[in-house]
Amino acid sequence: MIQLQLANITLILGAKRIFEDLNWEIHTGQKIGFIGANGAGKSSLLKMIEGEYSPEMGGSITRARLITTGYLSQQPELDSSLTALEAALAGNPRVAEIHGELERVENSLGNPEVYGNERKLQQVLEAQHKLIEEYHSLGGDSYPARVRELLLGLGLAQSELTKPLSVLSGGQKKLVGLARLLIIRPDILLLDEPDNHLDLPGKMFLEKLIREYEGTVVLISHDRYLLDAAVTHIAELEDGKLTLFGGNYTEFVIDKEERLARQEELYKIQKRGIARMEMAIKRYKIWVQFNDKFASRIHAMEARIARVDKIDRPILERKRMDLRLSGWRGSNKVLELADVSKSFGSKQVFANLNETIWHGERVGLIGPNGAGKSVLLRMLLGQEQPDSGEIKIGPSISIGHYAQEHETLDFNQTVVDAVRYAGEMSEGRATAFLLHYLFTYKQVSQKIGELSGGERSRLQLALVVLSSANFLLLDEPTNNLDIASAEVLEQALEEFVGTVLVISHDRYFLDRTVERLLVIENGQLVEYQGGYSDYLAK
């Protein structure tokens with residue numbers, strides 16, 4: 001059954017045409033991974049479905065009768081005075097309404113005018129029965145416990161449930177917004193990067209929710225592991241056109257490569273055929289001077305060319321970020337932790353850590369949110385001091401740092417100035433350098449605070465390159481990158497002459513990049529050889 005139909009959809013924002021004459025049918029039960037480069041218009045299309053934007057004249061969005069949608073934006077708007085639990089419980093106001101109606105009905109049963117009138121009593125009892133059925137279908141008395149369990153499963157800590165939203169991070173607020181939607185259970189879930197900032201258990205919980213969701217899900221995500229594990233279809237928005245593929249992300253990649261190869265071959269065949277006809281027309285135009293009968297052949301062949309449905313030449317190689325991490329040899333022993341302990345008040349984060357990272361290693365650091373990954377990174381950077389023990393950095397080691405929240409960037413600085421000062425170069429050279437990171441001439445003069453998350457991520461990577469470091473500390477480097485840019489980063493790290501310690505919840509990235517994992521478990525670092533899939537198998 002078609003639940004949602006988009007026909008001839010065009011969207012123009014300012015002077016930019018986002019997409020034109022786009023068509024899409026969303027069917028019951030589909031779990032659709034919605035992908036495309038940053039800026040392709042994915043979020044705009046979901047906002048259009050939800051009614052925040054209107055299609056240009058001629059386009060239409062048709063919903064099947066009684067179909068409901070629920071939309072999770074990248075930054076949900078919630079009442080910051082509420083606690084996380086209160087905000088999630090308020091996600092379905094109907095529960096409180098039914099509870100109040102049941103109380104009124106039960107009170108009315110003690111009214112003589114009701115229990116003394118058989119017809120009225122029967123009506124009230126029937127209303128009570130319907131309300132009780134609806135109340136139980138929404139969770140009933142177990143509703144608060146179900147909401148609490150959902151929030152904990154998504155990755156919020158028990159202590160965070162009673163904190164006001166004003167003190168929670170953007171990622172934690174997104175979890176609350178997601179929980180509110182899942183409680184209402186609309187027919188179609190529209191999710192804009194719900195996996196950002198989730199830890200690994202939270203991502204696994206989200207995968208299970210999407211797979212088992214009774215309705216339809218449209219999911220914008222750059223997490224290739226999630227797109228493999230949870231979706232039945234891939235919708236790609238590219239060059240303003242939407243193409244739907246059956247299968248998960250890996251199947252989509254294979255399918256797309258085969259389709260582009262076929263299209264390239266058909267394009268070449270058609271081009272050769274048209275070229276032959278055009279050469280024939282040229283010959284006939286010479287011969288028609290001597291024989292009029294060739295005039296009819298010219299007209300017939302020109303008409304034949306005009307009727308040909310031209311095949312577009314496929315773009316086999318798209319422009320990507322040109323990321324080249326040079327690095328250099330440096331010390332053989334890059335990092336050593338010797339009996340390192342760290343506490344905050346009565347809470348012990350680490351106890352007697354001992355670990356060594358050697359030159360050339362690619363090491364992943366994982367653990368639940370709140371386990372201490374960022375604390376360890378700050379200690380390595382000298383921003384926090386251990387309570388006891390020693391952190392030793394090799395004598396010829398230079399550290400390059402990628403910060404998850406982009407806090408190393410000055411948001412009031414222009415993009416070009418950030419590169420000029422970091423690379424000690426002229427404005428012209430800095431601009432030319434930034435073009436390799438997919439910035440336009442207009443963007444280089446913008447303030448960093450005006451950039452999108454993906455653009456800030458590319459700028460941070462550019463600054464890491466300019467640091468010429470040989471030991472990279474990367475905190476969630478793929479969080480705001482589209483899939484193409486994440487693949488460029490993976491390739492650059494593979495070729496990097498240096499050492500890498502990366503915090504990441506991107507399981508596909510970990511599988512492609514690291515050779516061993518350090519997992520924070522009960523204040524200790526536990527080593528696992530291999531990538532994320534190897535760790536999961538163990």
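How much space lies in the second largest pocket? In this predicted model, the second largest pocket holds about 960 Å³ of space. To find its centre, look for Asn-369, Gly-370, Lys-373, Ser-374 and Gln-404, which are the closest to it among the 37 residues of the lining.

Let us move on to a pair of helices. The axes of α13 (residues 415-423) and α14 (residues 427-435) come within 9 Å and cross at roughly 110°, so α13 is roughly perpendicular to α14. On the α13 side, the contact is made by Val-415, Val-416, Val-419 and Arg-420, while α14 brings Glu-427, Ala-430, Thr-431, Phe-433 and Leu-434. Sorted by class, this contact of α13 with α14 has six nonpolar residues, two charged and one polar.

Charged residues are also worth a look elsewhere. Side chains of opposite charge can pair when their charged atoms come close. The structure holds 22 salt bridges, and one of them joins Arg-507 to Asp-223, with their closest N and O atoms 3.5 Å apart. Arg-507 lies in helix α17 (residues 507-513), whereas Asp-223 sits in the loop between β7 (216-220) and α9 (224-230), so this pair ties together parts that are 284 residues apart in sequence.

Technical notes:
Residues numbered from 1 in each chain as written. Predicted model: local features only at pLDDT ≥ 70, side-chain atom pairs only at ≥ 80, totals over all residues. Heavy atoms only, no water. 1 Å grid on protein atoms, 1.4 Å probe; cavity = no way out; pocket = protein on both sides within 12 Å on 5 of 7 lines; lining within 4 Å. Points joined across faces, edges and corners; volume = space filled by probe spheres on them. Axes fitted to C-alpha atoms, helices over the stretch in contact; angles between N-to-C directions. Helix = DSSP H or I, 4+ residues; strand = E, 2+ residues; numbered from the N terminus. Parallel < 35°, antiparallel > 145°, perpendicular 65-115°, else oblique. Contact = heavy atoms within 4.5 Å. Nonpolar A, V, L, I, M, F, W, Y, C, P; charged D, E, K, R; others polar. Salt bridge = Lys/Arg side-chain N within 4 Å of Asp/Glu carboxyl O.
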